[in-house]
Amino acid sequence: MRPEYEPSRRGRSPFAAAFLSLLFPGLGHAYLGAFHRAAWLAVPPILAAALVAGFAVRLGAVEIAGFAVQTWFIAGVFLVNLLALGYRAAAILDAWRIARWLTSSGRLGGGPAPRPGFMGGIAGPLSLAGLVAVLLVMSTAHVAVARYDLILAGTASCVFDPENLGCRAGGAPEPGASSEPIASGAEPSSAPGTLGPAVSASTAPPWDGKSRLNILLLGADEQGGAHNTDTMITVSIDPATNQVVLFTIPRDTVDVPVPPGPARIAFGPNFPGKINNWFSEVQNRPDLFAGSDATRGYNGLKSILGQLYGLDIRYFVEVNFDGFERVVDALGGVTINVQIPVLDDQYPLPGGVLERLYIPAGLQHMSGTEALAYSRSRKTSTDFDRAARQQRVLVSLRRQTDIAQIIPSIDTLAEALKQSVRTDMPRELVPQLLNVAERIGSRSIRSVIFAPPFYGEEIFVSARGYVIEPNVTRIRTAVREAFTIDPAFALVREAIAQEGARIWVLNGSGRTGEATNLAAYLESNGLAATAPQQQPDTEGLPTTTIRAYNGAEDRFPLTIAALKQIFEVAVEPVTDATVPVDLMIITGQSTPQLTPPPLP
C-alpha cells in the first residue's frame, strides 16, 4: 500500500507548509507530498472562483454594482466570507500539523504512515508563533472584507430607508420648521384630521421598466433647523427611446397649483409661498398627505410638482448640502472647468453672514465648501446658469471618481453618504435603473430650466419679496412634449427661451387672428411672444417688419437669428426707452400664415 505522505517529504518546514496554504488552499499539502488532499482542498475555491468570474462576465460591472446594495447580496458576501475564513484556516492548520508530524515522527519510510494527531506532537514556541502569524495574516483580509461589507450594509440601510432618522446628525428637521413663512393666501388649518383623509403622492403600481419613470432629485438646506428644498430637479426617463430630460424649477417660484384633496382645501388652488418652503409646510400635516413625519414632506413635494408638470413622480433622492461638502472632501475634492467667472458679493454663510465669493474662469480644484458655493451662488447669474453649474459639478465628480480614490477614505465617504443621502426608491429597482443609465449617452440627456421670462415672470412685492410667478401652461406643454419632439430642436428652443426676449406681434395686414396665431407659433419655438390688442404705427406694408429696441439685436443673438430664418427679412434697430418690449413684429401682406403644431 502506498503511504499517505511521501517519505521523502519528511523534514519539510511547518511554517512553509502553512504559508503556502495561505497563498492558496492545497499548496502546502502539495509541498508535503499529500497530493490527493491538495487536490481536494484546491477544487472548491477554484470552482467558486470560476463561478464568480462567470457571473461577473455575464452580468457586467453595472449590474453587479446594482446587486451590491441588495440586502441578500450583502448578507451573502458576509456568509461566504465567513465560510472562506474557516475553510482557509482549516487548510492552513491541516498543512501545518502534517508537516509537524513528518518532522517529529522520525520515520525513515517504508510502510504505511500512521495518521498524525491534531497537533502532530508537542509544537515548539517558534513553530506555534509561525502558525499564529500566518493565521493572523490570513484573517486580516477577511476581517477587512467583513468590515467593508458591514459599512456597505449600514450605508445602504440609511440611504434606502427614509424612516431611519438616526443616521443623520441631529436627526430629522423640526416638523413644520421654515425660514420662509407664508406671507399671503389661505392659512392652513392647525387641527390635523379636520380636512378628511390624507392622500398619497402616488398610487401607481411599481415601475415595470418600460414606461416613463420620474424621480425627484432634491438638494436640501437644513441650516437653522429648517428644511428648504432649494434644488428641485425632476429626472424623467424614457426607457423606450433611452432619453432623459431634467426639469428644474427655481426655488423662488410661487403660486404653484396644489393637488386636489385636503391640501387644496387647506391652501387654496395655488400655494402662495415659495415652492422651496412647501416641504416644511406639509411635513407635520398627517391630514394632508400620507406617510410618517420623515416621509410626509417628500410625498407632498412629489405630489405638488407632479400636479404642476402633469407627471406621476414616483420616487425622490435627496442630498443634504452639508453632506455634499463632506462627500466631495472625502473624494479629495473635484476639478471643474469654470467656463464663466462667478462673482457674488452677498454669498450667504451659516448664521446669516454674507461674504464676497469670486471663482475665476479656467480649471479650478475645489474643496467641498468651494464646490457647494460654486453650485449655489445665484445673486449675479440666472437660474439657468446656476442649474448648468450644478450639472457641471455632478459630471466632474462622476468622471474623476475611481476606486483608488474611494478605498482610502471609505469610512469618511460612507459616513457622509449615511448622513446626507436618503431615498424612498426600492433597492430592487437599482440594477434596473443602472442598466437603463448605461444605455443612455450624454447626448441623450437635456435640461429644461423653468426660469423667467419664458416660463415665468420675475416680480417683487412687499408682502412676498422677490418671487417668480410661473407660466403653468408653458411649463406643462414643455413637459408633455419632452419625448415627442426632435431632441436637437428642443435644445435650440430651450437656448432661445433662456435668452428671454420679450416680443410683441402686431397685426399690420388686417387679416383676422393673424397676430394671435403667429404669437402662438413663435411661443412653440421658445420665443416669449404675445399679441396685445394694439394697432401698429404702420399698416399695409408688403413684408414683415421686425424692430429690435434699445440694443436687443446684440443681447438676443439666437432670437434674432431665429426670426430672420422664419421671416427672411432684416431686423431694424430702434432706440426708444418708452417701448416695454425688446422686439416688435408687425405683420405684412407677405407674412407667412403660421400656426402652432398640434399638441401631442
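## Basis and confidence

The model is predicted, so local features are taken only where pLDDT is at least 70 and side-chain atom pairs only at pLDDT 80 or more, whereas totals for chains, interfaces and linings use all residues. Residues are numbered from 1 along each chain as its sequence is written, and side-chain values use heavy atoms, with hydrogens and water left out.

The mean pLDDT of the chain (the predictor's confidence in each residue, from 0 to 100) is 81, and 82% of the residues score at least 70. Helices and strands are DSSP runs numbered from the N terminus, helices being H or I with at least four residues and strands E with at least two; among these elements, confidence is lowest in helix α13 (residues 403-406), at a mean of 62, and highest in strand β4 (residues 256-257), at 96. Over residues 106-121 the pLDDT is below 50, and this stretch has 29 contacts in the model beyond near neighbours in sequence, a contact being heavy atoms within 4.5 Å. Residues 170-197 also have pLDDT under 50, and for them the model has 67 contacts beyond four places in sequence.

## Overall make-up

The secondary structure comprises 20 helices and 19 strands. Of the 600 residues of the chain, 46% count as buried, where buried means under 20% relative accessible area, exposed over 50%, and partly exposed in between, with a 1.4 Å probe and protein chains only. Among contacts with a separation of 6 or more, 72% join residues 24 or more positions apart.

## Nonpolar cores

A nonpolar core is a set of buried Ala, Val, Leu, Ile, Met, Phe, Trp, Tyr and Cys residues joined through side-chain atoms within 4.5 Å. The largest such core has 39 residues, of which F247, W278, L305, Y309 and F450 touch the most other members. At least two residues each come from β1 (213-221), β3 (243-248), α7 (262-267), α8 (278-282), α9 (296-309) and α16 (472-480), and α9 gives the most, with six residues.

Leaving aside neighbours within four places in sequence, F450 is in contact with F247, T248, P250, Y309, Y455, I475, A478 and V479. A second, separate core of 23 residues includes A515, A529, F567 and L583.

## The second largest pocket

On a 1 Å grid over the protein atoms alone, a pocket is an open set of points where a 1.4 Å probe fits, with protein on both sides within 12 Å along at least five of seven lines, and its lining residues have an atom within 4 Å of a point. The second largest pocket has a volume of about 730 Å³, the volume being the space filled by probe spheres set on the points, which are joined across faces, edges and corners. Of its 24 lining residues, A48, A49, V52, V80 and N81 are the closest to the centre.

Helices α3 (35-59), α4 (61-67), α5 (71-104) and α6 (125-159) each supply at least two residues of this lining. By class, the lining has 21 nonpolar, two polar and one charged residues, with Ala, Val, Leu, Ile, Met, Phe, Trp, Tyr, Cys and Pro counted as nonpolar, Asp, Glu, Lys and Arg as charged, and the others, Gly among them, as polar. Helix α3 also holds P45, which touches F24, P25 and Y87 when residues up to four places away in sequence are not counted.

## Selected helices and residues

Helix α10 (residues 321-330) is largely enclosed by the rest of the structure, because seven of its ten residues are buried; these are F321, G323, F324, E325, V327, V328 and A330. After α10 comes G332, with a positive phi near 85°.

A497 lies in helix α17 (residues 487-499) and counts as buried at 2% relative accessibility. The C-alpha atoms of A497 and P453 are separated by 7.9 Å, although the two are 44 residues apart along the chain. P453 is placed in the loop between β12 (445-449) and β13 (456-461), and the peptide bond from P452 to P453 is cis, with omega near 5°. N550, in the loop between β17 (545-549) and α19 (552-555), has a positive phi of about 55° although it is not a glycine.
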